[in-house]
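Student: I would like to see how the labels given to parts of a structure follow from computed values. Could we go through some of them?

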Amino acid sequence: MAEINNRIDFVYLFDVLDGNPNGDPDAGNLPRVDAETGMGLVTDVCLKRKVRNYVQVAKDLSDGYDIFIKEKAVLNSEIDKAHDDEEVKKAKDKTAAARLFMCKNYYDIRTFGAVMSTGKNAGQVRGPIQFTFARSVDPIATAEHSITRMAVATENEAEKQKGDNRTMGRKATVPYGLYVCHGFISANLAKQTGFSEEDLQLFFEALKNMFDVDRSAARGLMSAQKLIVFRHDSILGNAPANKLFDLVKIKKNTDAAPRSFNDYDVTIDKDSVPNGVTVEELI
């Protein structure tokens, strides 16, 4: 597989319509929000989960594309598999050998890294791809809705309601929000984990399509809208990431509350892209 020899930075835009993109369990699962500014937030962990889910569906856990952090996984059992491998058993440094085994076999480890020092030690891996939290372009207005379920869970509830059998609940949504996430891909760390150009293309494929394989009534309509990639000519990079991100301008084009991606204009100041950096719009 082809090695990655260039540092890469990217800007990822996605939106939500009438859904909860990332509930906060400490706030009754309301959409996450910056309390000072009112901007909506989606955690990096949430986005990585969706990438993992996409790869799991796309590759069906085939060789080299297993997922370490998957639903209901017992992590130490996965680490045990590395120490049961014959090549690892023969190695003088079993922790280092187990670490290489895990990177080779688990896509999310060689992509995002992992701490595998519990149980049979497989060390720690710093992943080449990292996200920031996604932050909404404008403040979000959380809407709460009363909902009714025409059923109850127990016979006792049915007796109390004398057969009416209704359960009331609440559902929180964001009427509309456009979110911006920034990402970083280290060629140096990619070489350490074995993350390849093929893995990178799968990652970009996931960003384009992951919302379509992760639909939920709670999340409403979530859509990938823009993926802008800055590829450097060198491993260490040719410009600071923040300067590149500043070249992407997002402006609202309406005085009304935004309700679609068409209510924003997204432009890239390509004339100011530094030497040694190329920009590409993958979405």
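This is a predicted model: local features need pLDDT of at least 70, side-chain atom pairs count only at pLDDT 80 or more; totals for chains, interfaces and linings use all residues.

Student: How many aromatic pairs does a search of the whole structure find?

Tutor: The search finds 13 aromatic pairs. One of them joins Phe 112 and Phe 131.

Student: Why is the pair of Phe 112 and Phe 131 called tilted?

Tutor: The planes of Phe 112 and Phe 131 are 40 degrees apart, with 6.2 Å centre to centre. Stacked needs under 30 degrees and edge-to-face over 60, so what remains is tilted.

Student: What does the pair of Phe 112 and Phe 131 tie together?

Tutor: Phe 112 belongs to helix H5 and Phe 131 to strand E7, so the pair ties together parts 19 residues apart in sequence. Both residues are buried.

Student: What makes the pair of Phe 112 and Phe 203 edge-to-face?

Tutor: The ring planes of Phe 112 and Phe 203 meet at 75 degrees, and the centres are 6.4 Å apart. Phe 203 is buried, as is Phe 112.

Student: Which residues do ring pairs link into a cluster?

Tutor: The cluster consists of Phe 10, Phe 112, Phe 131, Phe 203 and Phe 204.

Student: How do you know that the charged end of Lys 59 sits over the ring of Tyr 65?

Tutor: The charged end of Lys 59 is 4.8 Å from the ring centre of Tyr 65, and the distance cut-off is within 6 Å. The direction counts too: the charge must be within 35 degrees of the ring normal. Arg 110 also lies over the face of Tyr 65, at 5.3 Å from the ring centre.

Student: What makes the phi of Asn 29 worth a remark?

Tutor: Phi of Asn 29 is near 65 degrees, a positive value in a residue other than glycine. Asn 29 is in the loop between strand E2 and strand E3. Lys 72, not a glycine either, has a positive phi of about 65 degrees and is in the loop between helix H1 and helix H2.

Student: Why is Lys 72 called exposed, and why is Asn 29 called partly exposed?

Tutor: Exposed means over 50%. Lys 72 has 77% relative accessibility, so Lys 72 counts as exposed. Asn 29 has 45%, which is between the limits of 20% and 50%, so Asn 29 is partly exposed.

Student: How do you know that the structure holds zero disulfides?

Tutor: The search gives zero disulfides. Cys 46 is buried at 13% relative accessibility, and Cys 181 is buried at 0%.

Student: Why are the buried residues of H2 said to line one face of the helix?

Tutor: The buried residues in H2 are Glu 78, Ile 79, Ala 82 and His 83. Seen down the axis of H2, they fall within an arc of 150 degrees, so they line one face. In an α-helix, residues three or four places apart point the same way, because there are 3.6 residues a turn.

Student: Which helices do the buried residues of H2 pack against?

Tutor: The buried residues of H2 pack against helix H3 and helix H4.

How values were computed
Residues are numbered from 1 along each chain as its sequence is written. Side-chain values use heavy atoms; hydrogens and water are left out. Rings of Phe, Tyr and Trp (its six-membered ring) pair if their centres lie within 6.5 Å; planes under 30 degrees apart count as stacked, over 60 as edge-to-face and the rest as tilted. Helices (H or I, at least four residues) and strands (E, at least two) are DSSP runs, numbered from the N terminus. Buried means under 20% relative accessible area, exposed over 50%, partly exposed in between (1.4 Å probe, protein chains only). A disulfide is a pair of cysteine sulfur atoms within 2.5 Å. The arc is that of the directions from the helix axis to the C-beta atoms. Contact means heavy atoms within 4.5 Å.
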